[in-house]
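Here is a short report on one protein model.

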Amino acid sequence: MKIGLIGLGKMGNNMRARLKKGGIEVVGYDTNPDVSDVPDYAALVAALPAPRLVWVMVPAGKVTDAVIDSLADVLEPGDTVIDGGNTRWTDDEKHAKQLDAIGIKFMDVGVSGGVWGLENGYGLMVGGSDEQVAAVMPVFDALRPEGPREEGFVHAGPPGAGHYTKMVHNGIEYAIMQAYAEGYELLLASDNVTDVAGTFRAWQRGTVVRSWLLELMVRALDDDPDFAEIDGYVDDSGEGRWTLEEAIEHAVPMPAISGAIFARFVSRQDQSPAMRAVAALRNQFGGHAVKAAHAAEAQQRHPTRDRPDPA
């Protein structure tokens, strides 16, 4: 089987290697000529037998839109395009209609595994028709982890379902990581615990919180026990926000996931305005201390507040 792969960054290049290892012939295209097998889209299409299969692995949004538009100009009826990036599922519906109008099939695949996917395989969540999924199954089998197919692959539904399930997956991931992070901070704050890294390491077997993310937490602690070399700024790629928007649309309560996302926003502020407001309010109603110069200023304004109110 032969496939075209557009986007040969860290993840795309690793996917190319795993596909080749699984017996799939790959023709790769990237804007970086040093890693690309062909110079342009036309050459990519010419190198593939009809009906062609092209997997797109580029950033979501305008970049993906541009690639889909370009492929629509060079592919032929009966060919198939797979979007394996982190596209919003509503864009999948748009792309599916766009390509269907000219006889080109469309599928979306949520891909999980990151930089470890080359070695461990990728969790795959697919949106498309039964016929399309069956035709592309050799590719999916080459990419997914070893073991039972149903434990690393799902045909989640029609186009859009793959990225929808990946969106929810990433929302859950946010909450799990936040829980580990908060537990780490509490362990670090305790005078009773002398081996924080060892505690996380001991949770890897036999406990109900064991997971691959926990293993990665242990690895990170081994590399930098105090996280001294890591800045506290935490970005988000969009899926968490989309998950919350869907939760609101369907009236599904998500306190854990929403808390994890908002915690990321706090991480981007050297002095969180929200937390400064909370400190100011606590000072106003109870005389609770605020830090540094603010404490002296508050004391000058309210000299009788030498004891906090019990409230």
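## Terms and basis

Two strands pair if DSSP finds at least two bridges between them. Helices (H or I, at least four residues) and strands (E, at least two) are DSSP runs, numbered from the N terminus.

The model is predicted: local features need pLDDT of at least 70, side-chain atom pairs count only at pLDDT 80 or more, and totals for chains, interfaces and linings use all residues. Residues are numbered from 1 along each chain as its sequence is written, and side-chain values use heavy atoms, leaving out hydrogens and water.

## The sheet

Seven strands form an open sheet. Their order is E2-E1-E3-E4-E5-E6-E7, and the pairing is mixed. Strand E2 (25-29) and strand E7 (153-157) are the edges, each pairing on one side only. On average, neighbouring strands are turned by 25° against each other, direction ignored. Axes here are lines fitted to C-alpha atoms, for helices over the stretch in contact; angles run from 0 to 180 degrees between N-to-C directions.

## Around strand E3

Strand E1 (residues 2-6) pairs with E3 in the parallel sense over three bridges. Ile6 has Val56 of E3 as its bridge partner. E3 and E4 also run parallel, joined by four bridges. Here Leu53 has Thr80 in E4 as its bridge partner.

E3, helix H3 (residues 62-74) and E4 make a right-handed β-α-β unit. Right-handed means that, with the strands pointing away from the viewer, the path from the first strand over the helix to the second runs clockwise.

Which residues cover the two faces of strand E3 (residues 53-56)? Leu53 and Trp55 lie on one side, Val54 and Val56 on the other, and all are buried. Buried means under 20% relative accessible area, exposed over 50%, partly exposed in between (1.4 Å probe, protein chains only). In a regular strand, side chains alternate between the two faces of the sheet.

Helix H4 (residues 89-100) lies across strand E4 (80-83) and E5, at about 150° to E5. Contact means heavy atoms within 4.5 Å.

Strand E5 (residues 105-112) pairs with strand E6 (residues 123-127) in the antiparallel sense over five bridges. Ser112 stands opposite Gly123 in E6.

## Ser258

Ser258 sits in helix H11 (residues 255-267). Ser258 counts as buried because its relative accessible area is 17%.

The Ser258 side chain reaches the backbone oxygen of Met254 at 2.8 Å.

How values were computed:
Polar contact = N/O pair within 3.5 Å; in protein donor to acceptor, adjacent residues only side chain to side chain.
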